[in-house]
Amino acid sequence: MPYLVTLLELITAIIALVAYAKYRHSKEKYFLIFLWYTLLIDVLGAVLGDIFYVNNNGVYNAYTISSMLFYFYWYYTILKKKVFKKAVIVFSLLFGVVAFISLCFENWNVYHSYTFVTGALFLMVLTLFHFHQLLNSNEVLIVKHKLSFWISTALLLFYVGMIPLFFLAKYTNIMGLSYQIILLSLNVILYGCYMTGFLWTKKEYNRF
Amino acid sequence: MDQEGIQSFLIVFSIIAFALALTVILLFAIFQKRKNKLVRIQQETENKFKEEIIETQIEIREETLRNISWELHDNIGQLLTLAKIQLNEADETCGNVSEASETISECLKELRNLSKLINPDTFTSLTLIEALEMEIERFNRMKYLETTLEYNLETFDLNTKVETIIFRMLQEFFTNTIKHSKATQLKVKLTYSEETLEIKAEDNGVGFDVSQLSRGIGLSNIKNRAKIIGADAIIESKKGEGTQFLLTYKNK
């Protein structure tokens, strides 16, 4: 069952590759590399954990930090208001500090939950900034053809589900199969939105 | 999975499902509302634009009728009167018939010009420059003003509705010049560049104090119309130094 997520990632990455012509000139072009990178990380994690029986949390820690920084960078390029851009910089710095402290004081082989939660919360705020920007422009009329809208929706929904799951998993004895089912559902939403975005997007609306 | 495990799974699952559903509904509702509002605003703007076009066309028609009435009275009427006098004199002296015939042919020429102006196609088929040329030729012919029109050759096609509104703005400015400025000269210059059209019209009349007259109907009308087509209109004037009208239109 954990490989279903990897399969989803593979499908999304392939769709992103096929649809690349539609967004190659947009700020979203790096998502192609990012999706393949995500797939690679997951495969690496699976190989390390399930074949070599090595602790693979280090790989996921590295992925959490790099993916969050990638998202932050992307929002920095697409948000237009100066206040929003400044917020991205502040968020990135704070996130960097939290990640750095976790690196210093926590074992590399334990998943760094503070890093994840801080990044996720900041990212949700950024998706809201992006929605605010979309709502206040004429783009609201063609929003379903905009890749950036689908990416923001994907991220918002994923983390709206992920953060409670993260906390509730600590305080209830939910684990194993249950945890996997919910995680899989959230990933279906996340990659479902990505795929919809790549399939529906139109070249003329991704220029900026 | 034991009983407790299933229970906590259900709790966590429903909380997350609820959070997700709420987010989706909120997002959808907000985006939909905003979209509807925008569509409504766009429709209103479009309607306003249509109304403005109709009003502009009516005004141009009225202006044209007024011009025709002037021309009939001041120009053709005068010529015919002259011809009549010449023919009356011809009765006595026999010498002035050719003069009268010349006057009548001039009169016919004026009539032809006039009929061009009355033709309804004038309003729709002319380009901005052609319409301006006709207008300016009329000023020169009627000796209201000594008018010049300058434009560069690299023109681009404008939306006919936009052209109508621009023409009406200029016409309004010209009417003001003729009625109020006591000017003897009027210069109009159109500069087409890659994406903008710049129109400059200036007279050498008495001018006025912009700060006092800025609320005058004619001028505010011009400014409103500029706004509707998304152009910039500036009217500058000083007492005794003539009036300038500057219009910048960006072609989209």
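**Loops, contacts and domains**

Modeller: Start with A:Y53, which sits in the loop between α3 (30–51) and α4 of chain A. Keep in mind that this is a predicted model.

Colleague: What is the phi of A:Y53 near?
Modeller: Near 55 degrees. That is a positive value, and the residue is not a glycine. Most residues other than glycine have a negative phi.

Colleague: Is A:Y53 buried or exposed?
Modeller: Exposed, because A:Y53 has 8 other C-beta atoms within 10 Å. The cut-off for exposed is 12 or fewer.

Colleague: Which residue of chain B has a positive phi, then?
Modeller: B:K182, with phi near 55 degrees. B:K182 is not a glycine either. Look for B:K182 in the loop between α5 (160–181) and β2 (185–192) of chain B.

Colleague: Buried or exposed, B:K182?
Modeller: Exposed, since B:K182 has 12 other C-beta atoms within 10 Å.

Colleague: How many residues apart are A:Y73 and A:E106 in sequence?
Modeller: They are 33 residues apart. In space, 26 Å separate A:Y73 and A:E106, C-alpha to C-alpha.

Colleague: New topic. How many residues are in contact between chain A and chain B?
Modeller: On the chain A side, 19 residues, and on the chain B side, 20.

Colleague: Which elements give two or more residues on the chain A side?
Modeller: Two helices of chain A, α7 (147–171) and α8 (176–200). The largest share comes from α7(A), with eight residues.

Colleague: What kinds of residues are on that side of chain A?
Modeller: There are 13 nonpolar, six polar and no charged residues on the side of chain A that touches chain B.

Colleague: And how is chain B divided?
Modeller: Into domain 1 (1–125) and domain 2 (127–252). The centres of these two domains of chain B are 17 Å apart, taken over C-alpha atoms.

Notes
Residues are numbered from 1 along each chain as its sequence is written. Chains are lettered from A and ligands numbered from 1 in the order in which they are written. This is a predicted model: local features need pLDDT of at least 70, side-chain atom pairs count only at pLDDT 80 or more; totals for chains, interfaces and linings use all residues. Domain bounds come from an automatic or database domain assignment. Two residues are in contact if their C-beta atoms, placed from the backbone, lie within 7 Å. Helices (H or I, at least four residues) and strands (E, at least two) are DSSP runs, numbered from the N terminus. Ala, Val, Leu, Ile, Met, Phe, Trp, Tyr, Cys and Pro count as nonpolar, Asp, Glu, Lys and Arg as charged, and the others, Gly among them, as polar. A residue is buried if 20 or more other C-beta atoms lie within 10 Å of its own, exposed if 12 or fewer, and partly exposed in between; C-beta atoms are placed from the backbone.
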